[in-house]
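The following exercises are intended for a reader who is new to this structure. Each task is followed by a solution in steps.

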Amino acid sequence: MMENRIDKAFMERKRPILIPYITCGDPSLEKTESLILALEKAGAGIIELGIPFSDPIADGPVIQEACNRALKQGMSLRKAISFVGNLRKKTEIPIVFLSYYNPIYKYGLSNFAQDAKIAGIDGLIVPDLPPEEGQGLKKLLLKNGICLIYLLAPTSTEKRIKMTCEESSGFIYYVSLLGVTGIRKDISETLKEEILRIKRSSNKPICVGFGISEPSHAKEIKDLADGIIIGSKIVSLIAKNPDSPDKAVIPFVSSVLRAIKNN
């Protein structure tokens with residue numbers, strides 16, 4: 001597979017890099033565009049762009065509500081691909097789609113891979129697609145220079161860790177807690193040993209998400225993780241400030257980035 005923007009981000013930037021998650025089209029595509037550009041300017045390293053789906057099984061209430069708002073705006077996978085294609089005239093920040101499998105299957109795997117490449121999408125996370133069933137999609141994506149990123153969890157066995165590390169490209173998404181996405185007060189006490197367990201099976205970047213919602217959380221794991229993914233907290237700030245989400249999101253993101261950089 002050809003080198004893409006995700007690989008370059010991990011090679012060129014001081015780790016860990018911050019990966020904000022936002023839902024595409026919430027509260028509008030115009031606001032999504034301005035947010036991505038503002039996040040890049042603030043220092044985010046990769047954007048995780050959620051594709052709204054009617055039954056997002058891995059997402060908690062905050063992101064479910066964002067999906068519902070975006071769907072009411074008429075958001076779809078096709079529109080999201082077109083959106084990124086237009087956005088590529090303004091930015092080179094790596095963009096990773098998070099989509100459930102059904103919209104991709106309906107779109108057509110080959111068509112999706114080709115259109116995603118043309119648009120400039122760098123990676124894909126499919127929460128409901130296990131590595132055992134992802135070979136067909138992975139082959140098409142790699143052919144088009146797009147990473148297929150798999151997830152690991154605290155319950156993952158050694159066998160599963162090894163397989164997932166082998167199959168994942170770009171980075172490995174470590175789900176730091178059991179359950180759905182959401183804002184938490186504390187991060188897992190066993191997170192350090194779990195990340196070290198994965199690192200014994202792979203030298204690929206490990207990015208930690210689910211429950212990371214405060215600068216203090218990011219600071220706590222900055223020496224362990226290659227990337228820090230924050231979603232629900234950012235999406236909740238967007239929901240509370242739909243007219244000018246940048247004004248709420250960017251100060252928060254800047255505080256997280258300061259926490260990552262400070263010793």
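**Exercise 1.** Is Arg5 buried, partly exposed or exposed, in terms of relative accessibility?

Solution. The model is a predicted one. Step 1: the relative accessibility of Arg5 is 22%. Step 2: buried means under 20% and exposed over 50%, so Arg5 counts as partly exposed.

**Exercise 2.** Determine which residue pairs with Arg5 in a salt bridge, and where the two partners lie.

Solution. Step 1: the side chain of Arg5 meets that of Asp122, at 2.6 Å from N to O. Step 2: Arg5 belongs to helix H1, whereas Asp122 sits in the loop between helix H6 and strand S4, 117 residues apart. Step 3: Asp122 is buried, its relative accessible area being 3%.

**Exercise 3.** Which parts of the chain does the salt bridge of Glu33 and Lys90 tie together?

Solution. Step 1: the closest N and O atoms of Glu33 and Lys90 are 2.5 Å apart. Step 2: Glu33 is in helix H2 and Lys90 in the loop between helix H4 and strand S3, so the bridge ties together parts 57 residues apart in sequence. Step 3: Glu33 is partly exposed at 22%, while Lys90 is exposed at 53%.

**Exercise 4.** Describe the lining of the second largest pocket.

Solution. Step 1: the pocket has a volume of about 270 Å³. Step 2: its lining comprises 13 residues, namely five nonpolar, two polar and six charged. Step 3: Lys14, Arg15, Pro16, Ile260 and Lys261 lie nearest the centre. Step 4: helix H12 gives the most to this lining, with three residues.

Methods. Residues numbered from 1 in each chain as written. Predicted model: local features only at pLDDT ≥ 70, side-chain atom pairs only at ≥ 80, totals over all residues. Heavy atoms only, no water. 1 Å grid on protein atoms, 1.4 Å probe; cavity = no way out; pocket = protein on both sides within 12 Å on 5 of 7 lines; lining within 4 Å. Points joined across faces, edges and corners; volume = space filled by probe spheres on them. Helix = DSSP H or I, 4+ residues; strand = E, 2+ residues; numbered from the N terminus. Nonpolar A, V, L, I, M, F, W, Y, C, P; charged D, E, K, R; others polar. Salt bridge = Lys/Arg side-chain N within 4 Å of Asp/Glu carboxyl O. Buried < 20%, exposed > 50% of the residue type's maximum accessible area, 1.4 Å probe, protein only.
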